[in-house]
Amino acid sequence: MWRRVARLSSLIRSSKASLSNQIPPANGLQILEAFSTEIQKSAKGRNHHREKPPFITFVLGGPGSGKGTQCLKIVETFGFSHLSAGDLLRKEISSNSENGAMILETIKEGNIVPSELTVKLIQREVESSENDKFLIDGFPRTEENRRTYERVVSVGAEPNIVLFFDCPEEEMVKRVLSRNQGRVDDNIDTVKKRLENFNALNLPVINYYSEKGKLYKIPAVGTEDEIFSRVRKIFTSLEVLSMLSPQFSIPIGVIWFTLTNLL
Ligand SMILES: Nc1ncnc2c1ncn2[C@@H]1O[C@H](COP(=O)(O)OP(=O)(O)O)[C@@H](O)[C@H]1O
Ligand SMILES: O=c1ccn([C@@H]2O[C@H](COP(=O)(O)OP(=O)(O)O)[C@@H](O)[C@H]2O)c(=O)[nH]1
Ligand SMILES: [Mg+2]
């Protein structure tokens, strides 16, 4: 409460300051109107207000399954914003934030950073963006991550769809060890721990969304383009189906994608 009051009074101070720089002397009503517009603009800049909830896609899969690679292609083709939870955490480390040392240690060990922290970073990005469709890559990693996100985030708490890049362990290990991006966790010991955590903690999240009819399971072996042709089908079908019937488009999309990939 007091933090809100403090934020409001600092907003008023900065709005007053910027008003005094920008407008010539005017009567009381004009000043009041300009002042209220300035507050709205200022609030909007930090926190984009949407008329409808954004379209949220969670992108899941083990380490090295190709989540980041495919996200870049989805961004190019379908105009999503890409939020990689791992990248947001690495940014916290490199910006020397108060939690940087703890995050670095957790990532080195192949463990999971406390949910509140990751959720806050994701929420900040979604709220400050003007886009209305997001790929949240590498999150939620645990059931506890998922429940925290649902509790904390008010708009778009449920993903519209979830992609799962299904890749054999041997292939994932091979890819991670040749990733060559200088990551502290791309070594055999950490990868083993990450795979253990993936099986124990992330698979339950994947099963949860499968039971909810939101999961698209994508075989993730093949060339990047072969895998993207599978991904492209999903988003293209959703675009077509949502034009026909928005409320049924996601369950129909999942059924259609599963059938066409089985036949
Ligand atoms: N289909 C693929 N075949 C071979 N290597 C791939 C493929 N997709 C991605 N890679 C490579 O594997 C590594 C891991 O991919 P990345 O997208 O970072 O996976 P993730 O985000 O799931 O950990 C990267 O070096 C990437 O270039
Ligand atoms: O929601 C998340 C996402 C990532 N991480 C940590 O960040 C590391 C790297 O995640 P990233 O998604 O970048 O790895 P990838 O699966 O893409 O190789 C993970 O092993 C975790 O230690 C985490 O704690 N919570
Ligand atoms: Mg990644």
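**View 1. The surroundings of Gly-64.** Leaving aside neighbours within four places in sequence, Gly-64 touches Met-172, Val-173, Arg-175 and Val-176; here, contact means that the C-beta atoms of two residues, placed from the backbone, lie within 7 Å. This is a predicted model, in which local features need pLDDT of at least 70 and side-chain atom pairs count only at pLDDT 80 or more, while totals for chains, interfaces and linings use all residues. Residues are numbered from 1 along each chain as its sequence is written, and chains are lettered from A and ligands numbered from 1 in the order in which they are written. Gly-64 sits in the loop between strand S1 (55-61) and helix H3 (67-78). Helices (H or I, at least four residues) and strands (E, at least two) are DSSP runs, numbered from the N terminus. Is Gly-64 buried or exposed? Gly-64 is buried, because 25 other C-beta atoms lie within 10 Å; the cut-offs are 20 or more for buried, 12 or fewer for exposed, and partly exposed in between, with C-beta atoms placed from the backbone.

**View 2. The binding-site residues from the UniProt record.** The unreviewed UniProt entry places the feature "binding site" at Gly-64, Ser-65, Gly-66, Lys-67, Gly-68, Thr-69, Arg-179 and Gly-222. Such annotations may be inferred rather than shown by experiment. Look for Arg-179 in the loop between helix H8 (169-177) and helix H9 (188-211). Arg-179 counts as partly exposed, because it has 14 other C-beta atoms within 10 Å.

**View 3. The open sheet.** Five strands line up in the order S2-S3-S1-S4-S5, with parallel pairing; two strands pair if DSSP finds at least two bridges between them. S2 (81-84) and S5 (215-219) are at the edges with a single partner strand each, so one side of each has no neighbour in the sheet. On average, neighbouring strands of this sheet are turned by 20 degrees against each other, direction ignored.

**View 4. Strand S2 and its partner.** S2 is joined to the parallel strand S3 (residues 133-137) by 4 bridges. Ser-81 has Phe-134 as its bridge partner in S3. Helix H4 (residues 85-94) lies across S2 and S3, at about 60 degrees to S2. Angles run from 0 to 180 degrees between N-to-C directions, with axes fitted to C-alpha atoms, for helices over the stretch in contact.

**View 5. The shell around ligand 2.** Among the 21 residues around ligand 2, the nearest are Ala-85, Gly-86, Val-113, Gly-138 and Phe-139. H3, H4 and helix H5 (100-109) each give two or more residues to this shell, and H4 gives the most, with 3 residues.

Terms used: A residue is near a molecule or strand if its C-beta atom, placed from the backbone, lies within 6 Å of it.
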